[in-house]
Structures are given as structure tokens and as C-alpha cells.
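Reader: Hi! I'm new to this one, so please walk me through it in plain words.

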Amino acid sequence: MSNSDNTSFLPAFCKRWQAGKARAEALAQYVADETGHTEMPLSDMQPGDFGHVLSLCSSCEQREHLLELGFTPGTEITVVRLAPLGDPMTVRIRGYQLSLRRREAEAVTMRRCPPDFDLNPGLDMDGI
Amino acid sequence: MSASSAPSSSRPAAASGDGGATRLPLYALVGNPNCGKTTVFNALTGLRQKVGNYPGVTVEKKEGRLRLPGGGAASLIDLPGLYSLTPRSPDEVIARDVLLGHRLDIAQPDGIIHVVDAANLERNLYLTSQVLDLGLPTVIVLTMTDVAEKTGHMVDIPALEKLLGVPIRPVLVSKNMGMEDLKAAIEQLTTTPPPPHRDWPLPTDAEIEVRELSEMLQAEHGTRPEQSGTEAVGLLMAESLRPEEEGRWSPAVLAHLAADKAALATLGIDFSAAVVEARYAWAGRVGRQIVRKPRKAAETLTDRIDRVVMHHFWGYIIFFGVMAFVFQTIFTWAQIPMNWIGSGVSALQHLITTHMPPGDLQDLLVNGIIAGVGTTITFLPQILLLFFAISLLEDTGYMARAAFLMDKVMSKVGLHGKSFIPLLSSFACAIPGIMATRTIDDRKSRLVTILVAPLMSCSARIPVYTLMIAAFIPNRHVLGIFTLPGLTMMAMYFLGMAAAFGMAWLFKKTLLRGAPPVFFLEMPPYHAPSARTVLMTMLERAGLFLRRAGTVILSVSIVLWFLSSYPKQPAGTPPAAQLAHSYAGRAGQAIEPVIAPLGFDWRIGVSLVSSFVAREVFVSSMGTIYSVGDKNSSTEEVTKTLKDKLHADPFFSPLLAICVMIYYVLAMQCLSTVAVVKRETNGWTWPLFMIGYMTALAWITTFLVYHIGMAMGWGGR
């Protein structure tokens, strides 16, 4: 049975390598503002990145579905991982983990926080 | 034309499925996927459940009976797991229509049992806000409180009860905690007041439109005041109405609706987005008030497991290990009980042959009924074991990870990550494979997976391959380590896979075209599987197979027995002549002109016709024609001598043997599969289409191979 996948794995790995290079170039175009936040599509965020939903594309097919899954403006999202073949991706949103394809993630425009950003300052007193 | 519900007292006592004098109260079980809803349903109903389909769609309908502590009973309907009641998928359409009382086959439920995952409260509350809006008496079942506590999330249940205005009962089924309290609360549902009015305000202009429309619905259709708000919001959110909805409302309402939508558009209000945002804002508020969580989310066990299981290298090693285990289970281990069943069936046949005078009745009993029942139950071990494995994978949470890992590969042919396991299972047998497609929620992807699953070489093809290879493929070494027979066998498997992926790609491009399936999949936290859920799934699937597919398989087996036994030849006719002159034999000869271009003659034709019950019948049928044993002989016995007879027959050549094998790789020679596809797709369209396209594919491919082979001069021996 592993035979069946060798046929599609090898080209997939090569493609991923090329796609990786292309993405590095694409990432270079996003520039952080003076607060260190960067506006970019969710699909280009990397594992460990986090930020807030800025907007959803206005007329894409999955707009309402994404909204209903919780991608409303202002929602905090953390990218958990990319699948080993580069797609789909898993994000943490509203306390649960959701996988979606990068194609759909493109519709979500994010405001990525700088890595040392504190998401909930002052909210720590009532824990445990 | 009013189809909206009347007050609950005068609701029709329809379709609750129990013809008692007084109708039992009907409650609907609603909840997110992965929230423990199935576990709660099983714990409430035990074995008193019934699984079927909603008419005309492939959505599964699960009903059960619940005994209440006071001695009464209630009917329970388990709605599909949902994230939202916005009618997007068929599941959501059905759930919404059932809950609003718009279905003719089910009365509007008298109350709702809403299952909520405490460890995932905010996301679950989004559905809760929609459930409460329905204005039906509701009890909330809070599951996974132990998981929530482990991650430091403390849910203040009394505060939540006060905020939502409905009773809340925490339940831990695995520890048998809270079930009695829950049953008591369900018993009181008949007197529980409906939840208070919704608590998530919309922008003023939108709010006015909702109020106007709901008042109009109350006036025009007599919609219950508690329900009219939900109907109004639903109508305003819908981009376009489904035809059955158009017919549900009066022209005045529809005109008003169109005007409202236009007004909202001019005001620049995106109504749907406003509703969703208002609901999530409410869920966030409630969550902040009643859940105390640690400041920094600690790394959970799930995170730690995922770091290994989703690793770029180890992830695939584990994945292939798990898949090898699943495959091993159904391919090899299922053989053991299958052999027991096989020998049991032949022992029974032998018993009857020795103790009953020969004649038509004996023949019908032995070769019609018992053989048919035998065929049906032979599939049971594979179905039970596959669903054991699948429900184990689903229940632990690994299934979502497997789909995540395979999605990219499957998306190349337009399929979904979840199509992988059904296709893999089809190597053992397409029947459990096709039954496993129910986990794919995208309808088109599911259909495509069903349509191509029978192209994967199943174990019933092995006898055909073995016979043809043993007779015609010389046992020669290739490149030192490989042998020609082994390579031929592998080539057949590859041909099947290539055909399956090629056809999947083609179907997604043409017939079942559509946007690539959306892949939104929750990665649930891992948890220990529940033995009860696993067992119930196995029993449920086995029962469904026996009732729905088993009956078809049995009756068709009897018909085919009749066709190959009648008209009777005078006693003493050799079995070969008897078969040749039977209806099946005549059919085989009649189709000779059709199969002659493939190089096949009437003898292969007869075997093709009779092996339509199951592919391995090809071997015993050829055996009968070549007068090797009779139809009671085992496949192995026949193969041993038949291969020499075939080899000696000048009609056959290695090329022809390859052609027979290719035909069997691609053709739909399995009635049981047809029966299962009929059940799973809820109609005859797709099974008939499947027979058509696979036969065409097999014919064309075999034709090309035969003629190219002949032209190249490979037709010799």
C-alpha cells in the first residue's frame, strides 16, 4: 500500500521545496507597521505566529462559513502547524483546533502580532 | 400553505414510530461534532435504537427510545453533529427542518437535549445560541467537564444555568456520573418553560427588520411567537430560498422579505455577518463570565502527542503503521472467521446433500439459499473489523489527523483527506469501504469515493488472478529478485489504483464538478476510546448491512441460482452441458458477439454472467464448464486441475489471460457492492451508473489491450 503513495509523494516533496522558495519571496513583501504588527493573509502565517482577524474577503465563497467557524474580525488566531506536505494548516481559534486548506485561509486577512506581544495583559489574576 | 407548526398540544402524532395509544414525547439530541453526543445517545437509549435514512437524501436518521425514571418513556431523535443551524450542508438542512417542525415525516420535537462540550465552551455556545432561539423547552447536557478541569478550565454551572435560563446537567458517561439527574431533567421537559428571549442584540436597523418580519409570520402563518424570531433571522440570512421554502411562505411574506433585504443592502448592513458576530460576541461574553481559565494555556497531552503524531517524518511512519494495521485487520485477520463461516456453510451444504433426496428443492436449498446466505455473512467479519478499527480511530481523535496528513495527496484528484481510509479498505473489500465513506461530509467527494472504490482490487479478485497467472504466466525470474507472476499480480493492483484515481479525477472534472471540497476539520483533543461506542458502531453497521444489503444479495443469489439451473436437462446430463443450456448459459452465449471483440468466447461469457454474484464464482464456473468438479467444489481444488486444462486449451493464450484479468480489474462484477451502493446513495441511479461506467471502462480497456497485443504479435502461446 505504501507503493500507492510513493508515486505521489516524490513530486509532492519536490513541489513543496519549490513552493517554499516562492513563499519566502512572498513573505518578504509584508512589512510590519510601527507597532510591529503585520497585515497578511492567514495562509502565509507560519507555525507559532499569532494575530487577530482583520477582515474576510468580501465576496468569496466561504465567507459565511468562515464567519460561522469563528473567524469574525478581532478574533485571536494562532497557527499551530502546517501539514508535512505544506497544506492544509491547523490553527487554534476560540479554544479549539481547526484544520483548513491554505486556499481557504487566503480569504482571511490577519494582523499578525510581533512574537513577544502579550495577548491578554492584566487578565491573569483570576486564574486557577 | 402554512407548514409552520401549530401549538404543541395539537401537533400531529406522526412518525414517532411507535403505534401506542398516547404518543410519547419526542426529544431531539443536538450538539457539535466531537462533543460526546453519540456517547450520550447510546447511554440514554442503549440498544433501543433504529438507524435509517431521511427519504431522498443520504443523511442518516437515528432514533431511539428512552426509559424515564418515573416509569414513562420518550422517543429520542439523534440529529447529525452540527456547528450551526444555518442550512448549508444536507445535515444542517435536515436538522433545521426537524427542529422547526418543517418536515412532514417527523413531528416537531417537544423539546431539545443539547449536548455541550465544557472543554470547548465558547465554540459550542455558538450553536447553543441558535438552539435556544428555537423557543423549545431545552435541557443542556454538559460533557467533558473532566477534560476541562484538567486544562484548568472551571465552568461555573449555576451561573451558566442562570445566564441561559435552562437547566444544565453535567454528565460523565464513562464514569456513569450524572445520568440519573439528566434523565430526571428530561422527564421534566414537558413542564420546563421555553428559554428566555434571545440575548444578542443586532444593529438597530437589522433589529427592526427582524421584529417586523417575525410579527408578520405570526400574523400570516400563525407561527409560534417563540419561534418566529428564528424563522425571521433564517429568512433574512438566506441568500436564496430553497424551492420547498419558497412554497412554505405566503407571497406577502416573500415580498416583504425581498423588500427587507433590499433595504438592508442600501443601508450597507451585511445581515449574515451581523448575526454571526452578535452571536459570537454573546458566546464570548458568556464564556468570560462563567469559565475561569489559566492565564497561559499549559501544554496539553494532546499537544504533546501531536508533536510526535504530526511530525514531518515520524508522523508518516505512524500513519503508515496505523494504516498497515487497519489493512492487516481486514485483509488477513478477517480471513480467519471468514474461513470458519465458509467451512460452516459447506458443512451445512454437505449435511443437506447427504440427508436429503436430490432434487430441485435440495438444489435450491444448497446452491440457492444457503449459498446466498453464505455470501452475505462472509462479509460480516470484514465489516465488523473495519468498523472496529474506524470507530477506534474516530473515537480517539486520530481519524482527523489521518485526514489532515493525507489531504494534500487526495486533493490532487479532487478528493478529500477522508477518502483515504475507504479507498484503502476497498483493497480488502469494496463493501466495508463504501460503508466507510459516511465519514466524508462533502456530498460530491463522498459520491466520487463510492464510485471509484470498487476499482481497487479486492480480495475476491485474487482467485481469478491466481487461476489465470498459474495457467499462463511462466514462473520466470526478472532482475534476479522478482518473479513474473508476482509482477503480474502487482500490475493488476496498480491498474486498479490508477483507474480509481483517474476516474476520480475525471468525475470531479465532469459529472460531479464543483469547487474542490472544503476541508474544514476540527482536530479534537485525543481521548481514550469508549468500548461502548466502538461496540455500538460495529453492531449498528453490521445490522444495517444485513438488513439492507443482505436481503438484496440473498434474493439476487437465488435468482442467479435459478438462471443457472433451469431449464433442467434430462438426468445424467454432464454438469458442463447443464450449465451451457441453462438461462445463464444461454445469456453467456447470447452476449458472445459483444465480448468476441475482446477475444472472449461463450465459455468466458457464461462465467462472466454467473460471476456477477461474486467475482470468485468465475473460477468455479469455468471449472464446471471444463468438467473439473462441480459447483460444490472448493475454489482451491478447482484451480489446481483447471489451470492445466486451461493451459492445454489452444483457445487460451497468455494475452487472453491478461485480458480476462484486466476485465476483472475494471468491471463491476459484484452484486453485493451494487446492493450496498444502492443503500448508501439511497436510490438506483448511482449503482446503475456504476455498473454502466465500469463495464464500459473494462470493455474499452480490454478491447484496446487485446487488439494492440494481437497487432504486436503477442497473441501466440
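**A first walk through the model**

Reader: Where does B:N34 lie?
Author: B:N34 lies in the loop between β1 (26–31) and α1 (37–45) of chain B. Helices here are DSSP runs of H or I with at least four residues, strands are runs of E with at least two, and both are numbered from the N terminus.

Reader: And what is phi of B:N34 near?
Author: Phi of B:N34 is near 65°, a positive value in a residue that isn't glycine. Keep in mind that this is a predicted model: local features need pLDDT of at least 70, side-chain atom pairs count only at pLDDT 80 or more, and totals for chains, interfaces and linings use all residues. As for labels, residues are numbered from 1 along each chain as its sequence is written, while chains are lettered from A and ligands numbered from 1 in the order in which they are written.

Reader: Got it. How many helices and strands does chain B have?
Author: Chain B has 31 helices and 12 strands. Its radius of gyration is 30 Å, close to the 27 Å that the globule rule gives for 717 residues, so chain B is as compact as a globular protein of that length. That radius is taken over C-alpha atoms, and the rule is 2.2 Å times the number of residues to the power 0.38. Along its principal axes, the C-alpha trace of chain B spans about 90 × 60 × 55 Å.

Reader: What joins β5 of chain A to β12(B)?
Author: Three bridges join β5 (residues 96–100) of chain A to β12(B), and the two run antiparallel. In that pairing, A:L100 has B:F520 as its bridge partner. Two strands pair if DSSP finds at least two bridges between them.

Reader: Which strands form the open sheet, and in what order?
Author: Seven strands form the open sheet, ordered β1(A)-β6(A)-β2(A)-β3(A)-β4(A)-β5(A)-β12(B), with antiparallel pairing. The edge strands are β1 (38–41) of chain A and β12 of chain B, each pairing on one side only.

Reader: What does A:H52 pair with in β3(A) and β6(A)?
Author: The bridge partner of A:H52 in β3(A) is A:E76, and in β6(A) the partner is A:R111. Five bridges join β2(A) to β6 (residues 108–112) of chain A, and three link β2 (residues 50–56) with β3 (residues 76–82) of chain A.

Reader: New topic: what kind of peptide bond joins A:D87 and A:P88?
Author: That bond is cis, with omega of about -10°. A:P88 is found in the loop between β3 and β4 of chain A.

Reader: Back to chain B. At what angle do α3(B) and α11(B) pack?
Author: They pack at an angle of about 130°, with their axes 9 Å apart. Axes are lines fitted to C-alpha atoms, for helices over the stretch in contact, and angles run from 0 to 180 degrees between N-to-C directions.

Reader: What does that make α3(B) relative to α11(B)?
Author: That angle makes α3(B) oblique to α11(B). Under 35 degrees counts as roughly parallel, over 145 as roughly antiparallel, 65 to 115 as roughly perpendicular, and the rest as oblique.

Reader: Which residues of α3(B) make the contact?
Author: B:L121, B:E122, B:L125, B:Y126 and B:S129 of α3(B) make it, with partners in α11(B) including B:W282 and B:V286.

Note on methods
Two residues are in contact if their C-beta atoms, placed from the backbone, lie within 7 Å.
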